[in-house]
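Subject: Structure handover

Hello,

Here is the structure for your files. My notes on it follow below.

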Amino acid sequence: MTAPLEAAEPAAVQAAAGPGDERPTHRGTLQYALSKAGGALFSIAMVIIGTFFVFRLLPGDPVRNLAQGRNMTPTQLALERHRLGLDKPMLDQFVDFVGKTLRFDLGTSYEYKRPVLDLIGERLGPTLLLAGVGLVIAVSLGLWQGTRAGWRHNSRFDRVSTGVSLVLWSVPTFWLGLLLLMVFGVGIGPIPGIFPTRGIESVDAPDGFAYVLDVASHMVLPCLTLVAVVYAQYLLVMRSSLLEEVSQDYVTVARAKGLRDDEVRRRHAVPNALLPTVTLVFMRIGFVVGGAVTVETIYSWPGLGQLFYEAIRVPDFTLMQGTFMLITVAVILMNTLADVVYRMLDPRVRSA
Amino acid sequence: MSAVATGSVAWSRRRLAFDRFWRDFRQHRGGMVGLLALVVAVVLALVAPLFIDDSVTSVVSGTSDDFAPPSLAAPFGTDESGRSVLLMVWWGSRTSLLIGFLAALLSIVIGMVVGIAAGHFRGWLGATLMRITDWFLVLPSLITAMVLAAILGGSTFTIIVAIGVTTWATTARLIRAQTLAVEARPYIERSKALGGGHWHITTRHVLPNVAPLLLASTTLEVASAIVTESTLAFLGVSANKTSWGTMLRASYDFGAATAGAWWYIIIPGLCILAVVMAFTLCGRALEAVLNPRLRKAG
């Protein structure tokens, strides 16, 4: 399953030590990275500004929204408004907001009565664990199946795997989650429920290695759901980019040299086809994040996605605003990274 | 040459092009299956008011037992209030399809206007539009739509806006690329030399050339809008109208999985899957027929 990933290394090494004049290329890459970083900063600034204005668009009185219909006297309302700085002019509020955000002060959650940043810190670990493991499995599975399907174009494996992935691609994430929950969590007919469906650990969680197993068993269903909806895009892109490589001259040359079919694929076609696919892993990270929110909600996984969902359900606008900005900024940074890495890996783009 | 004559020539040419397109489209079996399924789904949704009305979703109208398995009276079983899942799904298809179509339309219109403008106007305007498009492209769309829907309050209209505003960027990119390709052709230069303005060139020359692509991407967009709508509904930010998404939300809230009421989870989900697959099949067939890059030379 890891064959395509191993094959990526020679390509990266070749690209890094590729021929051509070194210095101008490197300066070009640096310049490119800097301009991309500038673009990312601009995007992040737009996110912060956009967030400020969108959250001020809230219909009605923000204080009453925060109070969620609890009875408050006019004095209490005024005090609260002053405490939140809502009695200041818009411009002052804006400057305040930007200043605080840049110092990572995301405010205090109304629901939890704790700083938003602390809440996010607590929930980050489980999300990284779930999304990380899910992504690794989805990427390996997608690349492996995509390679096989593309190399044997129109074979039975190609048709079956492409068909299955198209169906999974169309399935709404949450519905697949519900189905898996029903079949493997609760059990249906003669099948007993074999996996836990709520949270990250049992109430009486054991210590040591048994604890790891406990968490792992809690992770099976969320991970399975995430992988099922995410891997299809990697499969399809890997398949189509391999299809483009198969008809190239260098593949014919490699075959003419007398290389075995397996070697032509592993050493020549796959490394080239891998480039656009690897970029896609980072590019589509926003999609994975959306999937993670849904999956965490269904299985009550105590991660960032569930925190965001709870903030929306309450609604706790400070918490919502904080988690939204954090997730969005993370996605922007990943995208920028993808752009720069792609440029460094692909000699064709680099020299252009 | 009179204006009328030019018009009729253009129209007969378009009819020929349409005939050719239809002949190509019919070659794609998947596309035809998808189209047929779509026609059935849309007709069913349109004729629903002739047979049932909003009362099928009323909690007091449930006459059977709660979570009753499929029977003759309720072929797809009942939900937590004894309402027929079949009738709910039928009535709910109206909301799901309406939001899907309108959200896709909004997304496509924004994408088309921005895409053509970004491709047509070089210089600062095009560059700015591309910047904005790229920004919307990286935003995680589901998260942003959730925030917008939560803030604007969950009416049908705000859900449409939330989905439309977060998904247009892909279309804008596609249309811009196509616009650039069209405007590089000599007849655009001829048109400019004859005094054609921005409006004339974009609406008379660019738009007809990007229209086929728009059709394909609208079809795909409706599919993803329906999924997004159901996801938003499931995550609790949506209109309180019966749709496939709100039904699945209720099945989760009332523990249909634990109660063994598999029909309540499977039926609405299968509806979503069927409609989305149909749109996807249609869209892919359209793309294969219309996209000049995928079409065989000749």
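**Nonpolar cores**

The largest nonpolar core holds 147 residues, and those with the most contacts inside it are A:Tyr234, A:Phe308, A:Met320, B:Met146 and B:Tyr264. A nonpolar core here is a set of buried Ala, Val, Leu, Ile, Met, Phe, Trp, Tyr and Cys residues joined through side-chain atoms within 4.5 Å, and buried means under 20% relative accessible area (1.4 Å probe, protein chains only). Its largest share, 16 residues, comes from helix α12 (residues 262–290) of chain B; helices are DSSP runs of H or I, at least four residues, numbered from the N terminus.

This is a predicted model: local features need pLDDT of at least 70, side-chain atom pairs count only at pLDDT 80 or more, and totals for chains, interfaces and linings use all residues. Residues are numbered from 1 along each chain as its sequence is written, chains are lettered from A and ligands numbered from 1 in the order written, and side-chain values use heavy atoms, leaving out hydrogens and water.

Leaving aside residues up to four places away in sequence, A:Phe308 touches A:Val293, A:Met320, A:Thr323, A:Phe324, B:Ile143, B:Met146 and B:Val147, contact being heavy atoms within 4.5 Å.

**Helix packing between chains**

Helix α14 (residues 317–345) of chain A packs against helix α5 (residues 141–152) of chain B at about 160°, with axes 11 Å apart. Axes are lines fitted to C-alpha atoms over the stretch in contact, and angles run from 0 to 180 degrees between N-to-C directions. That makes α14(A) roughly antiparallel to α5(B) (an angle over 145 degrees). From α14(A), A:Phe317, A:Met320, A:Phe324 and A:Ile327 meet B:Ile143, B:Thr144, B:Val147, B:Ala150 and B:Ile151 of α5(B).

**Chain A**

Of the 352 residues in chain A, 45% are buried.

Regards

Note on methods. Helices (H or I, at least four residues) and strands (E, at least two) are DSSP runs, numbered from the N terminus. Angles under 35 degrees count as roughly parallel, over 145 as roughly antiparallel, 65 to 115 as roughly perpendicular and the rest as oblique. Buried means under 20% relative accessible area, exposed over 50%, partly exposed in between (1.4 Å probe, protein chains only).
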